[in-house]
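Student: I've got a model open and want to talk through how its parts meet. Can we go over it together?

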Amino acid sequence: MGTALVYHEDMTATRLLWDDPECEIERPERLTAALDRLRQRGLEQRCLRLSAREASKEELGLVHSPEYVSLVRKTQVLGEEELQALSRQFDAIYFHPSTFHCARLAAGAGLQLVDAVLTGTVQNGLALVRPPGHHSQRAAANGFCVFNNVAIAAAHAKQKHGLHRILIVDWDVHHGQGIQYLFEDDPSVLYFSWHRYEHGRFWPFLRESDADAVGRGQGLGFTVNLPWNQVGMGNADYMAAFLHLLLPLAFEFDPELVLVSAGFDSAIGDPEGQMQATPECFAHLTQLLQVLAGGRVCAMLEGGYHLESLAESVCMTVQTLLGDPAPPLSGPMVPCQSALESIQSARAAQAPYWKSLQLQDATPVPTSPSTHSPEGRPPPLLPGGPMCKAAAPAPAPAPSSFLDQPCLCPAPSVRTTVALTAPDTTLVLPPDVIQQEGSALREETEAWARPHKSLAREEALTALGKLLYLLDGMLDGQVNSGIAATPASAAAATLDVAIQRGLSHGAQRLLCVALGQLDRPPDLAHDGRTLWLNIGGKEAAALSMFHVSTPLPVMTGGFLSCILGLVLPLAYGFQPDLVLVALGPGHGLQGPHAALLSAMLRGLAGGRVLALLEEDSTPQLAGILARVLHGEAPPSLGPSSMASPEDVQALMYLRGQLEPQWKMLQCRPHLVA
């Protein structure tokens with residue numbers, strides 16, 4: 001349905017009129033730099049452009065007092081000295097004669113975006129606004145924020161559209177205490193914020209920014225604070241926070257709408273945050289949020305004060321909202337100890353209120369006695385390099401070369417292809433998803449099939465030729481993702497050929513997620529180039545760090561725990577450049593579950609994911625998988641149930657065995673060497 005970009009040039013009118021070192025970083029160029037970069041990349045042209053409108057007095061009154069709205073209105077006629085005097089009454093704020101108009105536009109932009117998404121005009125969008133909003137309170141401006149744009153949008157979604165569950169994700173580097181205060185007793189709004197805290201020594205210096213501030217009254221457990229106590233948090237830390245804290249709660253909450261307080265002062269180079277997350281990290285965060293709420297995601301700009309870093313991060317967010325694959329993450333995928341301490345503190349504070357955390361945190365983690373593989377050899381060095389140490393307080397990191405050479409994925413000629421033995425006219429596919437007609441040369445297909453008896457039959461050879469042709473297109477960069485079919489009797493052999501073909505034709509690291517009764521190919525080397533993960537094995541077993549098997553979880557909660565607590569941490573630690581998802585005999589997945597798994601794996605390898613299905617399941621699954629690999633949101637699974645004790649035990653056993661080698665599995669610090 002498309003992506004909206006909401007903006008109005010009038011929002012560049014406000015600027016600081018006097019000397020104030022604290023406030024001078026909030027300037028009009030924040031908007032113009034981001035918009036210019038969107039235009040240079042051709043991203044604005046791909047969006048539905050909406051011109052922001054002013055929020056009405058009644059709409060502002062959804063969260064702000066009439067007296068406060070009236071006070072801000074009066075700034076339109078004040079002189080510079082009067083504006084400066086009024087500004088001193090608040091913390092880190094400046095007023096301008098255009099402030100009331102600009103702040104109404106910023107709030108109105110959020111309302112327009114929410115209306116466009118909830119009426120089905122677009123799927124998602126970004127409101128490019130200033131002044132920001134998440135610090136603003138019922139009767140007070142604060143931290144450059146005048147009206148609380150995201151809070152107003154949430155209240156509007158509840159009042160006008162009748163929503164009952166709204167998730168607000170605040171990835172700005174400052175705590176959005178304004179949003180917290182407004183919804184801390186409201187169980188219809190789940191508010192998540194990570195923020196630079198440093199044990200209370202960083203602005204806004206609030207005790208209620210710590211992990212044990214979890215809401216009050218009926219809202220207990222619906223405020224989730226993740227305080228960063230050191231600077232230098234990077235891609236691995238942010239991803240670990242999503243996988244081990246935010247997403248388990250979000251799936252259990254089952255939101256109808258996701259609002260993002262999209263502050264990019266949490267990106268590398270920003271003088272406020274002093275963090276190390278690169279712009280492509282925000283593409284991955286956005287993509288993970290798009291699997292929630294049917295993909296209804298509304299992002300609204302908050303902070304971000306390094307213009308290059310801000311502009312690149314905005315572009316990454318918008319291109320992901322548009323459905324483009326996320327670029328691979330850079331740097332070591334190893335969370336630092338300080339981050340793990342914060343994540344564990346937040347999980348412990350939230351566990352009394354969320355079933356998805358209770359059994360896991362109550363179960364002791366069995367540890368492996370050795371970090372050596374079963375063969376007695378030291379494991380190969382993981383992609384991403386050696387263990388990182390917690391960053392010590394330091395000056396703001398200098399932006400690295402990524403700002404001059406942004407990590408953007410080149411757009412393939414075809415985003416998604418479906419390769420069936422014969423075209424199926426019953427498939428419902430997006431207009432630009434094609435059904436492949438080509439096939440590999442017969443001689444080449446037969447050569448690959450020769451070692452496998454099950455590929456000798458004509459139907460298996462035909463399917464293999466289609467798969468080889470599709471896989472070559474993906475490896476050559478002509479196709480991004482695809483779906484191929486195979487006879488059930490040849491599923492294991494076809495998967496073996498796909499792995500060998502991928503490794504011999506350019507894939508450096510290949511992740512294979514095999515579901516059902518698919519044994520690992522016997523000649524697959526333990527050289528670190530392939531990570532084999534079988535979901536549907538007879539027992540939980542880590543035969544080596546690159547060969548992991550677990551039974552198929554019996555409940556939705558267990559399935560989600562398996563994805564978030566095992567599959568994705570392993571995948572992000574491995575950093576593959578090709579992903580194979582094979583749904584073999586007895587895989588047991590319903591369409592929505594298979595779609596969710598595929599959608600979340602799409603964040604890996606620049607979206608280069610090939611799904612292999614049995615022919616008899618193709619009419620049922622090919623359509624839904626094609627849509628999610630193409631960038632659409634998977635169907636909701638509904639509120640997640642608690643995982644069974646058996647599923648939890650299997651998960652925790654595997655984590656205990658694998659955590660010494662795969663650091664992205666960690667969500668508590670005690671196993672860090």
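Student: How many residue pairs are in polar contact between domain 1 and domain 2?
Tutor: This is a predicted model, so local features need pLDDT of at least 70 and side-chain atom pairs count only at pLDDT 80 or more, while totals for chains, interfaces and linings use all residues. Residues are numbered from 1 along each chain as its sequence is written, and side-chain values use heavy atoms, with hydrogens and water left out. A polar contact is a pair of N or O atoms within 3.5 Å; within protein, one must be able to donate a hydrogen and the other to accept it, and residues adjacent in sequence count only if both atoms are side-chain atoms. With both residues at pLDDT 80 or more, the count between domain 1 and domain 2 is 9 residue pairs.

Student: Which element gives the most to the side of domain 1 that touches domain 2?
Tutor: Helices here are DSSP runs (H or I, at least four residues), strands too (E, at least two), numbered from the N terminus. Those giving two or more residues to that side are helix H9 (279-289), helix H12 (355-362) and helix H8 (235-253). With 9 residues, the top contributor is H8.

Student: Which side chains meet in a salt bridge?
Tutor: The term needs a side-chain nitrogen of Lys or Arg within 4 Å of a carboxyl oxygen of Asp or Glu. Between domain 1 and domain 2 the count is 1 salt bridge. At 2.9 Å, N to O, the side chains that meet in a salt bridge are Asp324 and Arg415.

Student: What area is buried between domain 1 and domain 2?
Tutor: The bounds, from an automatic or database domain assignment, are 3-363 for domain 1 and 414-664 for domain 2. The contact (heavy atoms within 4.5 Å) takes 34 residues from domain 1 and 35 residues from domain 2. Buried area is the accessible area (1.4 Å probe) that two parts lose on being put together, summed over both. Carbon and sulfur atoms give 64% of the total, which is about 2900 Å².

Student: Where is Pro131 placed?
Tutor: Most peptide bonds are trans. The one joining Arg130 and Pro131 is cis, though, with omega about 0°. Pro131 sits in the loop between strand S3 (124-127) and helix H6 (149-161).

Student: What is the phi of Phe144?
Tutor: Phe144 is found in the loop between S3 and H6. Most residues other than glycine have a negative phi. Phe144 isn't a glycine, yet its phi is positive, at about 70°.
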